[in-house]
Amino acid sequence: MANVVVIGAQWGDEGKGKITDLLSKSANVVVRYQGGVNAGHTVVVNDQTFKLHLIPSGILYPATECIIGSGTVIDPKVLIQELDQLEGLNISTKNLMVSQTAHVTMPYHRLIDEASEEKRGNNKIGTTGRGIGPTYADKSERTGIRILDLMDPDGLKEKLIWTINYKNVILEKLYDLPPLDPQTVIAEYLEYADRLRPHVVDASLKIYDAIKERRNILFEGAQGTLLDLDHGTYPYVTSSNPVAGGACVGAGVGPTMIDRVIGVSKAYTTRVGEGPFPTEMKEGIGELLCDRGAEFGTTTGRKRRCGWFDAVIGRYAVRINGLDCLAITKMDVLDTLEEIKVCVAYEIDGVRCENFPNNARQFARCQPIYETVPGWKQSTENCRTLEDLPKEALDYLKFLAELMEVPIAIVSLGADRDQTIIVEDPIHGPKRALLDANGTPVSAKP
C-alpha cells in the first residue's frame, strides 16, 4: 500500500495529467486536492485525447474511484460538461465523488475575475478569467457557497439572495457591469445540484476509510510549485496551494498518511501568464520548443512561454515538496537539438545565487548561468527502456538528477501512455529505489 502525491515541480503544465493517468493504473483511489477549472490535464489513450479540468484522470480506469476534494473550487457547469463528455464516450462516471465541503464558483466570480484583471492594466497577473481567485477569496472571507449548500434548496436561496445583491453593488459601482438576477442564478444552480447530488460525499471520510483499508491512493495537484500562493513567484501565482503540503489540507488527511511525493518536470521549462522567467527564450529555441512541444494551454489555449531547464527552481521544488523522485516529461521535444543548455544558478547584480529568491523584484533581475551538454539528434519517441536511449539522452537525465539531488523514476517521451520509460514503479517500488545521478538504480547498490 502507498499513498502518493503527484505535484508539478515547475510553473504547471508539466504533464501531470499523463503521469497521474499512468500511476492511476496502480491506484485504487485518485484525489484531486486543489485548484479549479483554471487547470487542465490532457491525457492521450489509444490516439484519443481527453482534456479534463476538474475530474481526476483516473476516471479513465473503470475500477478506480475518483474524488474531488474540499480544497478544490468547483464550477458545476464545467463539471457537468465533463461528465457529459465522458459518458458520451462510454466512460463510466459512477465512481466520481465530490466533496460536500468544496466551494462553488458562481457567475459573479467569473465576472469579477475578468473585470479586475482588465482594470490591472500593465499590472495584470495573467489569470484564466475562470473565477478561481474570487472563489477562494470568498472562501477566506467566509461568504462562499459550498457544494453542501447546493444540496439545501431553502438554505441556498437565502444565502444567494443576500450574496448576489452584495456582489451586484461591486459589479455595478466598481466595474460598471449589469447586475445579476438572483432568481435566475438560483434556478440555474438548483438544476446543477440535482445532477450532482448522486456524487456528493464526505470526501475526507471516504479517503480515511480507504487508508484504513490499505488501498493505494494517488493525490493529484493542479498547477505547479512556482504557482503556489505561499511559496510561488508571488504575486504571479494561483489562489491555492499546489505544493505537496496542500494535499493534506485539500483532501482532509494528516501528513503521516502520505508515503511519498513525486514531482513532475518537463525536460525544459514553460510558463503561462505574467511574471519573471529567467530561462525564457522568446525566439529561436523558444519557438522550436513551443512548436515541437505543442505548448498551448489546455484551459485557455494560450501560448506557453518556453525556455531551458531551470535547476534552481527544480531544487526549490525538491525542498518545498520533500520530493522522493521525479518524472521527466517531453524528453522527445529535445530530440533535434545539437546542444542543450541547463540553468545551474543565477547571477543577481553580479553575485552568483544557487537558491531561489523569494523577492519578486530580485527574481526579475536574475540572469541564468548555463552549462551546455551535447544533444542526441535522434528520435527517442520509441524508446521504452533506459538502454534504448541514446547515450547523450541518458547523460542528460543523469545530469538533471545530479543537479536536482533527487532520483528519476519515470521518463516520458510522447503524449501516449506507452511512450514512457518506468525506471521503477514509484507506488510499489522501494521508496528511493530509482535512477540516481550516476544512472544506477539506488536499489541495486549494496
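Which residues in α2 are buried? In this predicted model, the buried residues of α2 are Pro76, Val78, Leu79, Ile80, Glu82, Leu83 and Leu86.

Helix α2 covers residues 76-88, 13 residues in total, and spans 18 Å from its first C-alpha to its last, close to the 18 Å expected at 1.5 Å a residue. Both ends have a detail to look for. At the start of α2, the backbone nitrogen of Lys77 has a side-chain oxygen of Asp75 within 3.1 Å. Just after α2 comes Asn90, with a positive phi of about 60°.

Next comes the packing of this helix against another one. Two packed helices are described by the angle between their axes and the distance between the axes. For α2 and helix α7 (residues 182-196), the axes come within 10 Å and the crossing angle is roughly 40°. This angle makes α2 oblique to α7. The crossing of the two helices, α2 and α7, is left-handed.

Ten of them form an open sheet with mixed pairing, and their order is β9-β7-β5-β2-β10-β1-β11-β15-β19-β20. The edge strands are β9 (200-201) and β20 (420-422), each of which pairs on one side only. As background, strands of a sheet pair through backbone hydrogen bonds, either parallel or antiparallel.

Six of its six residues are buried, so β1 is largely enclosed by the rest of the structure. In a regular strand the side chains alternate between the two faces of the sheet. In β1 both faces are covered, with Asn3, Val5 and Ile7 buried on one side and Val4, Val6 and Gly8 buried on the other.

The pairing around β1 can be read residue by residue. Strand β10 (residues 217-220) runs parallel to β1 and is joined to it by four bridges; here Asn3 has Ile217 as its bridge partner. Strand β11 (residues 260-266) also pairs with β1 in the parallel sense, over five bridges, and Gly263 in β11 is the bridge partner of Ile7.

Methods: Residues numbered from 1 in each chain as written. Predicted model: local features only at pLDDT ≥ 70, side-chain atom pairs only at ≥ 80, totals over all residues. Heavy atoms only, no water. Expected span 1.5 Å × (residues − 1). Buried < 20%, exposed > 50% of the residue type's maximum accessible area, 1.4 Å probe, protein only. Polar contact = N/O pair within 3.5 Å; in protein donor to acceptor, adjacent residues only side chain to side chain. Pairing = 2+ DSSP bridges. Axes fitted to C-alpha atoms, helices over the stretch in contact; angles between N-to-C directions. Parallel < 35°, antiparallel > 145°, perpendicular 65-115°, else oblique. Left-handed = near helix turned anticlockwise from the far one by under 90°.
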